[in-house]
Amino acid sequence: MRSARETTSPRGCPGRKLRWHAFAVAFGMLPAFAAVRQAFMRVFHRQGVCTLPSSKLRLQVPEGRIPVAIVAPGSFSPPTLLHLRMFEEARDALERTGGKFKVVGGYMSPVHDAYGKASLAPAHHRLSMVEAAVSDSDWIMADSWECLCRSEWTPTVEVVSRFAAELSKVPVAVGSNRPQCGKVQLVMLCGGDVLQSFNATKPSGERVWPDDDVEVIVGQHGLVCVGRGKADLGAIARESTVLGKHLDKIVLAKPRVLTGISSSVVRQYLASNQSIRYLVHDKVSRGLFTPGLVHCAKGFFVQVRDYIFKHKLNELPNWQ
Ligand SMILES: Nc1ncnc2c1ncn2[C@@H]1O[C@H](COP(=O)(O)OP(=O)(O)OP(=O)(O)O)[C@@H](O)[C@H]1O
Ligand SMILES: NC(=O)c1ccc[n+]([C@@H]2O[C@H](COP(=O)(O)O)[C@@H](O)[C@H]2O)c1
């Protein structure tokens, strides 16, 4: 497998972008500078700080295979081992689908703080934890565009479309053909709860996911969904008007092992001062990835504990 690091990037000068990115990340690790970092990332967006990471992309796939990249939008507050496991399940499911696809890379895209869920740790902490969680994966990457390079929450359809547009600039070789742009197909990755939410309506009567958005995400790109519980995902997809039209674009993965691990469970462990080891990647739980991450992980712990202290909670806070 050739990696993008060994090749000349189609978008030129990756070294310079990486140095800028390293500076931006190091700078933003200091919590006091979080807002400055966001502004900094936005200002330098045009200069390449927020360009798509491509170092782990596979640039060659076997003859007859469609190169596919996977993007999982989510809160990742914090990222758990099951988020990583979800990517492995999704890749296996896609590559099993009639030997049609070859997965060339995966992206975790933490949502912007402005999404407004009370359980969101600040974006720079979540991004750093995601970066730590994927640090020893040879194919999953963390992308900062959605959480740090935008000034507000971005509907997922736009996130997915931006990934597709960026990946269309990456030349990939199929078999012995010369590398060509526009070959990579993008699919969104989600858990069964998100698939169910495609049919959900807010108390205001508004759809959680507008049908037009689902039409683009699933109909134009594709969806791989990993079961989290006993829900019959096939039935959910068939019974939905918009999903039902695109069953050929939906791949369902049914993990052999189900656990109740979720970010909320991890937050509850943290809140009650219990170990979170083996629920999250070790580098996330120990915060030993970089000096920056020590800060980040401590920041996250301190946030939760401060909350408990401040509110004199004897019980677990309801962070959901
Ligand atoms: N155990 C799991 N199996 C399959 N998908 C999962 C699992 N945990 C999370 N996901 C999926 O990962 C994506 C991001 O999830 P998110 O960051 O909201 O995590 P979460 O564990 O559901 O968080 P929370 O507990 O805070 O609601 C979503 O598509 C979600 O369905
Ligand atoms: N209409 C939309 O684009 C839409 C709706 C709900 C959730 N989402 C995304 O789904 C992800 C998970 O959100 P929840 O944790 O609320 O399920 C987030 O990245 C969020 O941006 C998008």
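How many nonpolar, polar and charged residues does the shell around ligand 2 have? By class, this shell has 8 nonpolar, 3 polar and 1 charged residues, where Ala, Val, Leu, Ile, Met, Phe, Trp, Tyr, Cys and Pro count as nonpolar, Asp, Glu, Lys and Arg as charged, and the others, Gly among them, as polar. The model is predicted, so that local features need pLDDT of at least 70 and side-chain atom pairs count only at pLDDT 80 or more, while totals for chains, interfaces and linings use all residues. Residues are numbered from 1 along each chain as its sequence is written, chains are lettered from A and ligands numbered from 1 in the order in which they are written, and side-chain values use heavy atoms, with hydrogens and water left out.

The residues that surround ligand 2 include Pro73, Gly74, Tyr115, Lys117, Trp153, Val208 and Trp209; a residue is near a molecule if one of its heavy atoms lies within 4 Å of it. Several polar contacts can be followed here, a polar contact being a pair of N or O atoms within 3.5 Å; within protein, one must be able to donate a hydrogen and the other to accept it, and residues adjacent in sequence count only if both atoms are side-chain atoms. Val208 contributes a backbone N or O atom, 3.0 Å from a nitrogen atom of ligand 2. Taken alone, ligand 2 exposes 480 Å², of which the protein buries 86%; accessible areas come from the Shrake-Rupley method with a 1.4 Å probe, and for residues only the protein chains shown count as cover.

Ligand 1 is surrounded by 18 residues, the closest being Phe76, Asp193, Arg228, Ser263 and Ser264. An oxygen atom of ligand 1 is 2.8 Å from a side-chain N or O atom of Arg228, and an oxygen atom of the ligand is 3.0 Å from such an atom of His83. A backbone N or O atom of Phe76 lies 2.8 Å from an oxygen atom of ligand 1. The protein buries 91% of the 590 Å² that ligand 1 exposes when taken alone. Strand 2 (66–74), helix 3 (81–96), strand 6 (185–191), helix 7 (192–197) and helix 11 each supply at least two residues of this shell; helices (H or I, at least four residues) and strands (E, at least two) are DSSP runs, numbered from the N terminus.

The loop between strand 2 and helix 3 holds both Phe76 and Pro78. Phe76 is buried, with a relative accessible area of 2%; buried means under 20%, exposed over 50%, and partly exposed in between (1.4 Å probe, protein chains only). Phe76 has a positive phi of about 50° although it is not a glycine, and the peptide bond from Ser77 to Pro78 is cis, with omega near 0°. Most residues other than glycine have a negative phi, and most peptide bonds are trans.

In helix 11 (residues 263–271), Ser263, Ser264, Val266, Arg267, Leu270 and Ala271 are buried. They cover an arc of only 160° around the axis, which puts them on the same side of helix 11; the arc is that of the directions from the helix axis to the C-beta atoms. Just after helix 11, Asn273 takes a positive phi of about 65°.
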